[in-house]
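Work through the exercises below with the model open beside you. Try each task before you read its solution.

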Amino acid sequence: MRSLTKIMCSRWLPLVRVCGLNMPSLGRTNLRNFSTSRGRMNVMPAWVIDKYGDNDVLRFTKNAPFPVINYPNEVIVKVHSAALNPIDVSMRGGYGAATMAMKRDPLNMSQAGSEFPLILGRDVSGVIMECGLDVAYFKPGDEVWAAIPPWKQGSLAELVVLSANEVSHKPESLSHSEAAAVPYVASTAWSAVVNTGGLNKDNCAKKRVLILGASGGVGTFTIQMLKSWGGHVTATCSGSAEGLVRGLGADAVVDYTAAPVEQQLKDIEKFDLILDNIGGDTESWALGFLKPWCGAKYVTLVTPFLQNTDTLGIADGMFQTTITVASKAAKHLCKGVHYRWGFFAPSGPTLDDIKEMVDSGQVKPVVEETFSFSQVPQAFLKVEAGHARGKTVVNVIQEDGDAQ
């Protein structure tokens, strides 16, 4: 893992030189990175939705608004491959709409429905086309990958605009279609395990971790990350996914279809961390398998936050969420374990660390199926059906460079 100092030096110290300590480079950057996209093109091909609903709301258009650089720290990425996640299916149906609207328009100046036409897709692998005036870490032509925040327009389009702080150089060892399978799940796993769970490569050795729902995108990445750091991983999945999970390095696998998971775990050593990708009634028994009074943590990625804000509104939803998480944390703290919620967090520096892990062979993408750009509705149905064994990838541009 890179130190914070090293990341700051590599990403932002060049910006300091551009902003005043190296005046000749300022002139060159202005000339090279000035955005002229608005004058060249106004529309692009994309898959959009004009309202929330089921798969029928997906619409292909060649007239989606062309993204432009509005802030000096932004970049435009030409999309080669995108990937779908369960959140894309949920957002298609309106999940999180209230919170995303607040994030896009915090002063509530736009009319309801102003997010449409909305482009979905949280993962992108592609090539930098243009850079804002303050971007020094990237240049046009760089191959990059990113996890796109859910309040921004997504990657099921020819181009996408992102903050440079959300983008990272793509691993050299991966094709675009392979790379697109990683950013969102990797960023989510990193946020849950490292930022919330407190594990990292320096303290993970011999720590016991239970991953509930280990065969999906977040689970398959987390297994590899923890094993590369020397952790002991117990994974739950269906019997049909056991080969995949063991192949990624899991030390023990529990088939939840064979018998209740809590019954199968009752005689084994307790855990330092539990990562819950399932939710539901798992909280009623899972925390009992943590080591008490040892700083052990239960981190769930299935929270009621967005559902609360959708149902109750922003203010009441956040209030209800605060009460819920505080009461649960206090209840379990009295038993000597920590209860936490984990959330996706976009971060270019995090992807820099993950790039190193990928290129060194410590982790690899798990792609279940790849679709062409014309097959986006079928890709959504694949994700919606569940029982994932990895990621669903959409190739916007073929590997030989031709648009599909």
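**Exercise 1. Locate Lys206 and state whether Lys206 is buried or exposed.**

Solution. Start with the place. Lys206 sits in the loop between helix 7 (183-196) and strand 8 (208-212). Helices (H or I, at least four residues) and strands (E, at least two) are DSSP runs, numbered from the N terminus. Next, the backbone. Phi of Lys206 is positive, about 70 degrees, although Lys206 is not a glycine. Most residues other than glycine have a negative phi, and most peptide bonds are trans. Last, the surface. Lys206 has a relative accessible area of 75%, so Lys206 is exposed. Buried means under 20% relative accessible area, exposed over 50%, and partly exposed in between (1.4 Å probe, protein chains only).

This is a predicted model, in which local features need pLDDT of at least 70 and side-chain atom pairs count only at pLDDT 80 or more, while totals for chains, interfaces and linings use all residues. Residues are numbered from 1 along each chain as its sequence is written, and side-chain values use heavy atoms, with hydrogens and water left out.

**Exercise 2. Which loop holds Trp293, and what is the phi of Trp293?**

Solution. Trp293 is in the loop between helix 11 (283-286) and strand 12 (297-300). Phi of Trp293 is near 55 degrees, a positive value in a residue other than glycine. Trp293 has a relative accessible area of 64%, so Trp293 is exposed.

**Exercise 3. At what angle do the axes of helix 5 and helix 12 cross?**

Solution. Two packed helices are described by the angle between their axes and the distance between the axes. Axes are lines fitted to C-alpha atoms, for helices over the stretch in contact, and angles run from 0 to 180 degrees between N-to-C directions. The axes of helix 5 and helix 12 (residues 305-312) cross at roughly 90 degrees and come within 7 Å. Helix 5 and helix 12 are therefore roughly perpendicular. Angles under 35 degrees count as roughly parallel, over 145 as roughly antiparallel, 65 to 115 as roughly perpendicular and the rest as oblique.

Now list the contact (heavy atoms within 4.5 Å). Helix 5 brings Ala97, Ala98, Thr99 and Met100, and helix 12 brings Phe305, Leu306, Thr309 and Asp310. By class, this contact has 5 nonpolar, 2 polar and 1 charged residues. Ala, Val, Leu, Ile, Met, Phe, Trp, Tyr, Cys and Pro count as nonpolar, Asp, Glu, Lys and Arg as charged, and the others, Gly among them, as polar.

**Exercise 4. How far apart are the axes of helix 7 and helix 14?**

Solution. The axes of helix 7 and helix 14 (residues 348-359) are 10 Å apart, at an angle of about 105 degrees. That makes the two helices roughly perpendicular. From helix 7 come Pro183, Ala186, Ser187 and Trp190; from helix 14 come Thr350, Leu351, Asp353, Ile354 and Met357. This contact divides into 6 nonpolar, 2 polar and 1 charged residues.

**Exercise 5. What is the strand order of the open sheet of 6 strands?**

Solution. The order is 10-9-8-11-12-13, with parallel pairing. The edge strands, each pairing on one side only, are strand 10 (252-255) and strand 13 (338-341). Strand 9 (residues 232-237) runs parallel to strand 10, joined by 4 bridges. Ala235 stands opposite Val253 in strand 10.

Terms used
Two strands pair if DSSP finds at least two bridges between them.
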